[in-house]
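Q: I'd like to learn how to read a protein model feature by feature. Could you walk me through this one, giving the general idea before each case?

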Amino acid sequence: MIFLTLISSILMASLSVYQFKTAAKEYHEERLERRETAVKEHINYILNTTTYPLTTENLPLIFKDEIYKLADIHSLAINIYSLDGKLLKSSKASFTVDTILPPIPNYILKLVQSSMDKRYVDVQSIEGKKFRSSYTQIKDTKFKPLGILNLPYIPDDGFYERELRNFLISLGQVYSIMLIIAFVLAYFLSSYITKFLKSITDKITETRFNQKNEKIELEESSKEIALLVHAYNSMVEELEESASKLAQSEREQAWREMAKQVAHEIKNPLTPMRLTVQSFQRKFDPNDPEVKQKMSDYSNTLIQQIDTMSSVASAFSNFASMPAQQNETLNVVDVVQLTLDIFNEDYIEFQSDEKEIITIMDRTQLIRIVTNLVKNAIQAIPEHQTKKSVIVSVKKEGEQVLISVQDNGTGIETDNLNRIFEPKFTTKNSGMGLGLGIIKNIIENYNGTITFETASGKGTIFSVYLPIIKM
């Protein structure tokens, strides 16, 4: 906008200079022609009233005194030449004829003679200024050429130069004001556009694939900004749809992996149970004096394997069938603190700067999340470690509640970082590794996220972000 204003001002100034020069040129041409016409009419009057014969030789006599009157009346220098270009009479009477002016150049004589109106205007530049000099034939009453009238004309461009200078000054002032207005408008316009762009940029920066993204709502904006906002909102919708499909695909994959794991875990106790029964069939003897002891041993073996299968089934049931959410209004700070009371370890510490963070969610599932994370933190600390610490903190971050569980255990090995939430993955000697998979499922059902930071030999911090849901 400012660039266009500068270009237009330069073009306007250039056009104005050109128009002023053209107008000045036309003015001087017309003025010289008018003066020439007036002088010729006066000369014709003198020729008609003179008593001298109308010949070229008598022109100096005819205009002996009249030429000064003509020059004074018309405020012009007047020169009369013969037809061959020699000076006969000049209004500059104080000088001799030969030293005042040179004869008319031959090319001018030819141009005067060849022109339709027997007239020619010679234009010359001296020291940057243009001087005009008209040459026209003087004729007698019978239109016979007698001589050549020369009128030197020195144009005065002072008026036009002053007008041009004043115009350019005014034009400069007008465009200076326009430039200032353009700068002010550009500033406010850019601020107006930048405000919307910053809002859009902030939203795009906060956009994540693994979380709920909010759409942009702008009440007033330009058409281009509105199109950009519409494109972003469409992208958010597609992103949510893609995330939903990906989550569905991941869940299906997890179920397939879980089925394989459960099948494997069930097959393990079946083999010793089958061998035990087969051995009992082969070796059973009712008369054996130790038959009761052997029966007891066989029974204990089968019971142990049955208990193993039962634990596998229970773990799988807990993971597969999440109980229906019984949402209620609760204070997250109180629930987390009360949950820690079930642990006997004295090194568990609770921290919260808030006395209450009210939200709506299932109390049982919140307890399940905290219990599982704290249990994992306790188990991550070696038994022989002297100084043990588990810190559970609760705080509010925007429209989310952050629950973090920090331990000073051994940390998570680098090779296991990407597998920590896999349903069948575990680093313990016992269990199926379903705990973190279960709580991750609970958290995602509430549109929350769970992350962790770990350092080998220093410990791990699990962070749970849950949205604060209000009625």
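A: Gladly, and keep in mind that this is a predicted model. Let's begin with a helix. Helix α10 covers residues 363–379, 17 residues in total, and at 1.5 Å a residue it should span 24 Å.

Q: Which residues of α10 are buried?
A: The general idea comes first. An α-helix has 3.6 residues a turn, so residues three or four places apart point the same way. In α10, the buried residues are Q365, L366, I369, V370, T371, N372, L373, V374, N376, A377 and I378.

Q: What happens at the start of α10?
A: There, a side-chain oxygen of D362 comes to within 2.8 Å of the backbone nitrogen of T364.

Q: Now the sheet: what is the order of its 5 strands?
A: In general, strands of a sheet pair through backbone hydrogen bonds, either parallel or antiparallel. Here the sheet is open, its order is β7-β9-β10-β12-β11, and the pairing is mixed. β7 (348–352) and β11 (449–455) are the edge strands, each pairing on one side only. From one strand to the next, the twist averages 15°. Helix α10 packs on this sheet, where it touches β7, β9, β10, β11 and β12 (459–467). The direction of α10 makes about 20° with that of β10.

Q: How many bridges join β7 to β9, and are the two strands parallel or antiparallel?
A: There are 5 bridges, and β7 and β9 run parallel. As an example of a pair, E349 has I391 in β9 as its bridge partner.

Q: How many bridges join β9 to β10?
A: Strand β9 (residues 390–397) and strand β10 (residues 400–407) are joined by 8 bridges and run antiparallel. E397 is bridged to Q400 in β10, and S393 stands opposite S404 of that strand.

Q: What does the hairpin of β11 and β12 look like?
A: β11 and β12 run antiparallel, joined by 7 bridges. One of the pairs is F452 with F462 in β12. This hairpin has 3 residues between the strands, and G457 takes a positive phi near 80°.

Q: Let's turn to single residues in strands. Is T359 buried or exposed?
A: A residue counts as buried under 20% relative accessible area. T359 has 2%, so T359 is buried. T359 lies in strand β8 (residues 358–362). Leaving aside neighbours within four places in sequence, T359 is in contact with E328, T329, L330, V332, P467, I468 and I469.

Q: And what is the relative accessible area of G147?
A: The value is 0%, so G147 is buried. G147 is part of strand β5 (residues 145–153). Not counting residues up to four places away in sequence, G147 touches L59, Y81, S82, L83, T136, Q137 and I138. G147 and D84 are 63 residues apart in sequence, yet their C-alpha atoms are 8.3 Å apart in space.

Q: Last, how should I read the whole chain? How many helices and strands does the protein have?
A: The protein has 11 helices and 12 strands. Of its 471 residues, 33% count as buried. Among contacts with a separation of 6 or more, residues 24 or more positions apart account for 62%. The accessible surface comes to about 30300 Å², and 55% of that belongs to carbon and sulfur atoms.

Technical notes. Residues are numbered from 1 along each chain as its sequence is written. This is a predicted model: local features need pLDDT of at least 70, side-chain atom pairs count only at pLDDT 80 or more; totals for chains, interfaces and linings use all residues. Side-chain values use heavy atoms; hydrogens and water are left out. Helices (H or I, at least four residues) and strands (E, at least two) are DSSP runs, numbered from the N terminus. Buried means under 20% relative accessible area, exposed over 50%, partly exposed in between (1.4 Å probe, protein chains only). Contact means heavy atoms within 4.5 Å. Accessible areas come from the Shrake-Rupley method with a 1.4 Å probe; for residues, only the protein chains shown count as cover. The expected span of a helix is 1.5 Å times one less than its number of residues. A polar contact is a pair of N or O atoms within 3.5 Å; within protein, one must be able to donate a hydrogen and the other to accept it, and residues adjacent in sequence count only if both atoms are side-chain atoms. Two strands pair if DSSP finds at least two bridges between them. Axes are lines fitted to C-alpha atoms, for helices over the stretch in contact, and angles run from 0 to 180 degrees between N-to-C directions.
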